[in-house]
Amino acid sequence: MSTFDLSKIRNIGIIAHIDAGKTTTTERILFHTGLTHRLGNVDDGNTTTDFMDQERERGITIQSAAITCTWDGHQINIIDTPGHIDFTAEVQRALRVLDGGVVAFDGVSGVEPQSETVWHQADRYNVPRMCFVNKMDRIGADMDKTVKMIKDRLGAHPVVLQMPIGTENDLNGVVDFIDMVAYYYDPEDPSVEKKAEIPANLLDEAHARRDKMLEAIADVDDEIAMAYLDGEEIDRDTIISALRAVTIANKAVPVLCGTALRNVGIQPLLRAVVDLLPSPLDLEPMKGESVLTGEEVECLPDVNEPFAGLVFKIMSDPFVGKLAFVRVYSGVLRRGETIVDANTGKKERIGRLVRMHADHREEVEEIFAGDIGAVLGLKNAVTGHSITDESLPVVMENITFPNPVIEVSIAPRKREDQDRLGIALQRLSEEDPTLQVHTDERTDETVIAGMGELHLDVVVDRIRREFKVEVDCGAPKVAYFETITRAVSVEGRLVKQTGGHGQFAVVQIEFEPGEPGTGLVYESKIFGGAIPKEYIPAVEKGLRSALAEGPLAGQPITDIKATLVDGKFHEVDSSERAFEGAGAIALRNAMGRGAAVLLEPIMSVDVVAPADFTGDVIGELSGRAGTISGIEPRSTGVQTVRAEVPLARMFGFATSLRSATQGRGTFTMEFTRYQQVSEETRKEMAKNVA
Ligand code: GDP
């Protein structure tokens, strides 16, 4: 590719629930775009995007990485999105930086509950999408059923562009309704694609389906509607440009089909990515807030604008160290130039820049607006922060991360590994903001907290493998928090002046409930030197140290806004330590007077089971303090029961569901929010602490 032509860039994600074939599809795309010279099979464990050992073993893609490939003069950046629900924060982060998505489904199971979750997340970020109905070679694969589910369950407007030729082992091609041709593939030689006439036995059906395709476009596009009603012949370019427009406007989703495993339909998928998904120019520009003026700034996709980019992923690479993946929205990210982290004000020089390909890293001098690349050795980079030109620091809407819901204690098997474990945990939590590490004050154990059991499993696995530390873990426990429910203004007073060098610090702090997931937000409104400047950060330090343990059940304190408004000091007896102490005392006082409550994670649970068992499923969920929020028919004779249940009550659910439904029920769950625990649970927990 020459310097840049923004209209020829596609930043896409392959979005799918686990096992739908995302890895295989990505792998095939990389093969066909010419950068992978050998076909990898997930089952053999040698794919290219899944470069972490355990991903290979588990066959799931956990880390999002961006990979660049080229197809037909276009540069396609594939942003890897994890499929497992435990990693929704990663999915969200990826969804923000991509411009379009290919959503893969399993042609047998169709739209799974987890695909629904991810789909709705993509809705939230207005990501234009198309669908790839994969695994059409499997017994029972049903394109029409899947399309119906896309419509009914996802509320989308599908436009079906293809039908498969053959079934199961004989599936060897697709009919394309836009050009009315057939494409055939050779299982022996995946690079072959043969264009041919539509086989006679499928011709009538293909014509009927082409009409349906045109009707579906006509539903959302006036020009096609007029032409179609007038019975005009509509040419390829008109169809493509109309379909492209309605796809980008999120009015329709083109649907393609094939089998990634057997290489059927991958080249048409790539052509559709280029033809139908947006370039960075086609979308609303990213908006941010100027740090200097507080005004809204549009980050236009133009190389002549000041540089603005978003760090969406930090990874530590065993060979090159820390890699910060950046989506450049405006201007040019250049090697050797200095940028500022707009969220923190810290400046840093850009050392080396790379673009990641399937099988190598390419060192580059610059990355242009609209493109994606990685910076090596950016010391202070944090996921979700904006890095920009020094002259115009802009914060693009920060990504908020939910509090962790589950935790487990972790210890090195060998004492001498303690330091290495510390380093590993620091490195991993830098990469992954949803992973938190703290020390349990009461037991002195190191505790890791995250978004689900699998999330923590993966962390522990990486500690073993990448950092070579053998560890033992406790049983997973629900993560509770404490917070206040009303605003209070309290004093924190540390005064010890009984002879000799004393201690003196008094602070007046206004506390109020904070937004969920914000932790402690601290601000100083000290004017006129009521306390000297150097003590202001000390007060924050004291507050933070007191967050570790709340008064109700010894759980960490969160979501509190603290504003330092006044204080007193003593020329001789005041010190930073004294002000730290006063800060901690203030927080304790606030918890005492601010109507403190205990928060527990509430999960949204979807149970899918035959309708005969609906009563038992409801009983099972209600018995676990669940609130049923809906019952929906799913397919013939099968229903989905939705409920909200405290995570603490979900342990062992898989087993009891199995026995309640004779093994026919399945479920998924996802964190929704933290909520005040019931009085009963609170008393129970307080007993355990005392
Ligand atoms: P991911 O979890 O979405 O990344 O899915 P994978 O690509 O790892 O695929 C999951 C499983 O489905 C693997 O065993 C694949 O070999 C298999 N698979 C992927 N694509 C197809 C396909 O088109 N047909 C069939 N029959 N199996 C497939």
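User: Let's start with strands. How many bridges join β1 to strand β4, and do they run parallel or antiparallel?

Analyst: Keep in mind that this is a predicted model. β1 and β4 (residues 100–106) are joined by four bridges, and the two strands run parallel.

User: Which way do the residues of β1 point, and are they buried or exposed?

Analyst: Here's the general idea first. Side chains in a regular strand alternate between the two faces of the sheet. Now for this case: I9, N11, G13 and I15 point one way from β1, while R10, I12 and I14 point the other way, and all are buried. Since seven of the seven residues of β1 (residues 9–15) are buried, the strand is largely enclosed by the rest of the structure.

User: In what sense do β1 and β3 pair, and over how many bridges?

Analyst: They pair in the parallel sense, over six bridges. Look for N11, which stands opposite N77 in β3.

User: And β2? How many bridges join it to β3, and which way do they run?

Analyst: Six bridges connect β2 with β3 (residues 74–80), and this pair is antiparallel.

User: Okay, on to charges. How many salt bridges does the structure hold?

Analyst: The general idea is that side chains of opposite charge can pair when their charged atoms come close. This structure holds 35 salt bridges. One of them is between K135 and D106, whose side chains meet at 3.7 Å, N to O. That pair links distant parts of the chain: K135 is in the loop between β5 (129–134) and α5 (143–152), D106 is in strand β4, and they are 29 residues apart. D106 is buried, because its relative accessible area of 5% falls under the 20% cut-off.

User: Which residue does D144 form a salt bridge with?

Analyst: Its partner is R209, and the closest N and O atoms are 3.0 Å apart. Here D144 sits in helix α5 and R209 in helix α6 (residues 200–218), 65 residues apart. D144 counts as partly exposed, at 42% relative accessibility.

User: Where do D606 and R642 lie?

Analyst: D606 is in strand β35 (residues 597–610) and R642 in strand β37 (residues 638–646), so their pair ties together parts that are 36 residues apart in sequence. The two form a salt bridge with their closest N and O atoms 2.9 Å apart. D606 is buried, with a relative accessible area of 9%, whereas R642 counts as partly exposed at 23%. Salt bridges can also share partners, as they do in the network that joins R413, R464, E470 and D472.

User: Last one: which residues form a negative surface patch?

Analyst: That patch is made up of E441, D444, E445 and E549. To find E441, go to the loop between β26 (436–439) and β27 (446–450). E441 is exposed, with a relative accessible area of 55%.

How values were computed:
Residues are numbered from 1 along each chain as its sequence is written. This is a predicted model: local features need pLDDT of at least 70, side-chain atom pairs count only at pLDDT 80 or more; totals for chains, interfaces and linings use all residues. Side-chain values use heavy atoms; hydrogens and water are left out. Two strands pair if DSSP finds at least two bridges between them. Patches are made of residues with over 30% relative accessible area and no salt bridge: like charges are joined within 9 Å, nonpolar side chains (Val, Leu, Ile, Met, Phe, Trp, Tyr) within 5 Å. Accessible areas come from the Shrake-Rupley method with a 1.4 Å probe; for residues, only the protein chains shown count as cover. A salt bridge is a side-chain nitrogen of Lys or Arg within 4 Å of a carboxyl oxygen of Asp or Glu. Lys and Arg count as positive and Asp and Glu as negative; His and the chain ends are not counted. The place of a charge is taken as NZ of Lys, CZ of Arg, CG of Asp or CD of Glu. Buried means under 20% relative accessible area, exposed over 50%, partly exposed in between (1.4 Å probe, protein chains only).
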